[in-house]
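Dear colleague,

Here is the structure I said I would pass on. My notes follow below it.

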Amino acid sequence: MSRRYQRARRPEQKAERRAQIIAAAKSLLGEQPDVRAWSLNELARRAGMAKSNLYRYFESREAVLLAILDDQVGGWSADLGHALSRLCPDGPFADRVDAVARSVSQATAGRPRMCHLLSVLPSVLERNVDATTVRAFKLASLHRLAGLAPAMHRVLPELSIDAHAELFHHVLAVIVGTWPLARPAPVVAEVLADPALAPFRYDFEQDLRRTIALMAWGMRAEGAGS
């Protein structure tokens, strides 16, 4: 069990306290996915500290959630980079596009916590944090995406590295919009069981894969290649 400190003074103690808060937030997130219903008092209680002490490490609940999301995006980019490195850069464009789209959609759908937090990023997570926190998160995310673009370019050299970076830019918007649509409230799911309303049903992984493939084909057609 981790040691408890009355007050964290050394860097390693502060890092331990931050990790303690993040672990408590992950536990709370598993029980209460609707982060808008969170109470900082409850988060502080689970972390074993007073609410006033929690503010020494995070400015708000949203800042804690951004830290969790940052960790999730880091793991996702590492997993996706590994998956892309295993793809063959030879063969018809259609086959390579399908392989890339499948790799991205599988890696993304495999991280539901990341997708959930991304889906509320603009509406919740970025609403109660200062510019420094937001900038740090954005720059870290940009760095990770910049590292993935060359990996995709290796498999799809018909598109420039800038085009691949743009593709990821649009993928984020698709995640934000499609994730909640693919997880409707029970009453909505019941209504959508009607075959006549099938056009309103979403399959997150399948729809993301198809969207990525369509964007890649469109970029190639409009001459976004190198």
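The accessible surface of the protein is about 12300 Å² (Shrake-Rupley method, 1.4 Å probe), and carbon and sulfur atoms hold 54% of that surface. This is a predicted model, in which local features need pLDDT of at least 70 and side-chain atom pairs count only at pLDDT 80 or more, while totals for chains, interfaces and linings use all residues. Residues are numbered from 1 along each chain as its sequence is written, and side-chain values use heavy atoms, with hydrogens and water left out.

The C-alpha trace spans about 60 × 45 × 30 Å along its principal axes.

The secondary structure consists of eleven helices and zero strands, taken as DSSP runs (H or I, at least four residues, for helices; E, at least two, for strands) and numbered from the N terminus. Among contacts (heavy atoms within 4.5 Å) with a separation of 6 or more, 69% join residues 24 or more positions apart.

The axes of H6 (residues 112–119) and H9 (residues 161–181), lines fitted to C-alpha atoms over the stretch in contact, come within 8 Å and cross at roughly 95 degrees, on a scale from 0 to 180 degrees between N-to-C directions. H6 is therefore roughly perpendicular to H9 (65 to 115 degrees).

On the H6 side, the residues in contact are Pro 112, Cys 115, His 116, Leu 118 and Ser 119; on the H9 side, they are Leu 172, Ile 175, Val 176, Trp 179 and Pro 180. Eight of the residues in this contact are nonpolar, two are polar and none is charged.

Regards

Terms used. Parallel < 35°, antiparallel > 145°, perpendicular 65-115°, else oblique. Nonpolar A, V, L, I, M, F, W, Y, C, P; charged D, E, K, R; others polar.
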